[in-house]
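Trainee: I would like to go through this structure with you. Could we begin with the core and then turn to the sheet and the rings?

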Amino acid sequence: MRGQKLDRRGFLKVSAAAGGGMVLSFNWLAGCTNPVPTEEIALELFKPNAFLRIATDGIVTIMAPNPEIGQGVKTAFPMIVAEELDVDWNNVRIEQAPLDTNNYKRQVAGGSGSVRSSFAALREAGSAARQVLIETAAKEWSVPAAEITTDKGMIYHKGSGKEISYGDITEKAANSPAPENITLKDVTEFKLLGQRIHNVDNDKIVTGEQKYGYDTKVDGMLYAMITRPPAFGSKLGAVDDTKARKLSGVVDVVSFDDKVAVLGNSTWEVMQGKKALKIEWKAPSKLENTEEQFSEMKKALLNKPEKPRRQDGNVETALAKASKKIEAIYEAPYLPHNTMEPMNFFAHVTAEKADLLGPIQTPERARKEVAEMLEMSEENINIMLTRMGGGFGRRLYRDFVLEATKLSRMVKKPIQLLWTREDDMAGGMYRPAATYKYTAGLDDNGQLTAWHHQSAGMGVGNATREHNFPAGAVPNYQVDYNKVNSDVTTAAWRAPNHNYVAFAEESFIDEIAHSLGKDPIDYRIELLQQAKNKPAGDVKYDPDKYINVINKVKEMAGWGQPKPEGVYQGFGSHFSFGSHVAQIADVSVTDGKIKVHKVYCAVDCGILINLSGAETQVEGGIMDGYGHAMYGEQLIKDSKPVKSNYDRYRQLRIREAPMEIEVQFVESNDPPQGLGEPGLPPIPAAIGNAIFAATGKRIRKLPFINAELG
């Protein structure tokens, strides 16, 4: 047990709840010891508050301030509170909170940061409530509080034999002062954390009861769909909406910001109205094509940036002295987000206020931008959050919120803006395309003396992760980046930047190992030992944790041991969002067709909150990364996206899923780290390296489906 002084500004008060019970308000980040680096989440750092409610029937309710996008935060947050509160999990309920920056902070879904940002403060909230209950009982029984124990929502005093439930004492506790100091459990005392708890929304999801933003309906609401420029960079010309306006159910047609919106009484009617529009578009001054874009990026690799992203030693000199040099170029294409729930948002704007509702990962920023657009105080803008049917980074942006708001203001009606699948895939934002050139220098003894990473990204701020492994393991190490401009809109995509740079780096390390005749896993451990014992420059990852997960997955997969005929193994690992992940894929290639039989994964993510949720996050990341590595690419022709729906954009089929994904977590007492994204980056390399083991052919360009393996 450890004592900790409670921040009085954070724990505001204990008070009676309406209808009976106790309400404890607290600051979610007061006492936070593990802030999320802003460079990883690329978002504003929020300062949330929240409420814990204990009813007289013993039910504990926690408001979930963060948007739920499938990362399991709606289950994980109450588990943390319940652990310290010492309450029966069956008596815990969770409710989704609206955007409320007076009481909650950092209402964001992104950067794998929800739990690691709030872990400490959530524990304190649960512990503080437990202490209030104990002190209240001690006063009632005239016994020392130190002699009182709790378990599953019950309070006990062994000496007198007295006992009482949380619910039975909560009203008296409501009038008690908040504790001055709090005592947190030692992590070895955890009973709930680390257990397998089903997601609290599972039943609603599988029965169809769960409501999403797309289900929003209010009286007097109009549906809206928008025709956007067919080519990136094109402008709106003449609009003939005569036929659209004559269609039954179409109420209005309006133009704004090089877009044309049809509004009507139903989804079907506005869809038909959209098809009836005749629009002339002004072509962009420069037409872009995928092949030319990659050609531009390869030319950009030769540019010398004003300043390297990272520079240890002298790469140029080391490469000149190297006995052997290895070079390779890797390429990653644009990827759409393809949210399962198509993009949508509801807005009702009046002269006095704006009511907004829908799936958004950054509600506070959305409110700010809406306020600026409407020239209205943020106090008059209400945002309610809905569970999201996927986001993968797309809902970090607010374009669809602003569109709905603008339309509602224009037509003076409540509006439900709907995107079709084609709208989303063709007119949305893509994972940036990127090209990497690696040059490795080896000395006479086969030691890696130089590593030069030259990269270029199409429309992305930085396509590298310059402090990731093998940074720190190479004495002469340099990372250069050049941005190539494009009209194609790009955005964060699940595990931003990590998702493609991990494939390139882990594949290239595999190339070096094979060129030296070394086992790829042993070679990585050799480099990590070097980073541990004699680091070159700053090392962000933990070499010991890296080695530990590598050895763990090596044992899990039986690396080096005989496999069924035709099955080969490939390895990939990566550090992102504070977590170390290592994976091995069992793969066969028959008549040019790739089959992934099994994936093994070892993870060190610090203290495990929910075993079920953690497994789900990692398995989902593996499937997501596997599917996009196999098939994912968005092509551009004459500045227009080529693939606009699933008939042309191949997704992984259920029958292609591995027969098994085995995930094991390293036991740890360290603070929890990110998990929604770290499972994805290593898998493309693990599969690609297995394909090389099976065929001798190195795939350096995603997706794998384009490679000739027959």
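Predicted model: local features only at pLDDT ≥ 70, side-chain atom pairs only at ≥ 80, totals over all residues.

Trainee: What is Phe665 in contact with, leaving aside its neighbours within four places in sequence?

Mentor: The contacts of Phe665 are Lys552, Val603, Cys605, Leu608, Leu611, Ala614, Glu615, Val618 and Leu675, with neighbours within four places in sequence left aside.

Trainee: Now the open sheet. In what order do its five strands come?

Mentor: The order is E16-E26-E25-E24-E17, with mixed pairing.

Trainee: Which strands stand at the edges, and why is one side of each left without a neighbour?

Mentor: Strands E16 (310-312) and E17 (324-332) are at the edges; each has a single partner strand, so one side of each lacks a neighbour in the sheet. From one strand to the next, the twist averages 15°.

Trainee: Which helix packs on that sheet?

Mentor: Helix H13, residues 498-516, does so, touching E17, E24 (433-442) and E25. The direction of H13 makes about 25° with that of E24.

Trainee: How many bridges join E25 to E26, and do the two run parallel or antiparallel?

Mentor: Nine bridges join E25 (residues 448-458) to E26 (residues 476-484), and the two strands run parallel. Met458 is opposite Val484 in E26.

Trainee: Changing topic: is Asp423 buried or exposed?

Mentor: Asp423 has 11% relative accessibility; the cut-off for buried is under 20%, so Asp423 counts as buried. Asp423 lies in helix H12, residues 421-427. Leaving aside neighbours within four places in sequence, its contacts are Ile226, Arg228, Lys274, Leu418 and Gly428.

Trainee: How far is the C-alpha atom of Asp423 from that of Met343?

Mentor: The separation is 8.8 Å, although the two residues are 80 residues apart along the chain.

Trainee: How many aromatic pairs are there?

Mentor: The count comes to 15 aromatic pairs. In one of them, Phe232 and Tyr430, the ring centres are 5.8 Å apart and the planes stand at 80°, so the pair is edge-to-face.

Trainee: Which residues do ring pairs link into a cluster?

Mentor: The cluster consists of Tyr330, Tyr436, Tyr438, Trp451, Tyr477, Tyr500, Phe503, Phe508 and Phe704.

Trainee: Where does the charged end of Arg698 sit?

Mentor: The charged end of Arg698 is over the ring of Phe692, 4.0 Å from its centre. The charged end of Lys701 sits over the ring of Phe294, at 5.8 Å from the ring centre.

Trainee: Finally, what do E27 and E28 form?

Mentor: They form a hairpin with two residues between them, and Phe577 in the turn has a positive phi of about 50°. Nine bridges join E27 to E28 (residues 579-590), and the strands run antiparallel. Ser576 stands opposite Ser579 in E28. Of the nine residues in E27 (residues 568-576), eight are buried.

Definitions and conventions:
Residues numbered from 1 in each chain as written. Heavy atoms only, no water. Contact = heavy atoms within 4.5 Å. Pairing = 2+ DSSP bridges. Helix = DSSP H or I, 4+ residues; strand = E, 2+ residues; numbered from the N terminus. Axes fitted to C-alpha atoms, helices over the stretch in contact; angles between N-to-C directions. Buried < 20%, exposed > 50% of the residue type's maximum accessible area, 1.4 Å probe, protein only. Phe/Tyr/Trp six-rings, centres within 6.5 Å; stacked < 30°, edge-to-face > 60°. Lys NZ or Arg CZ within 6 Å of the ring centre and 35° of its normal.
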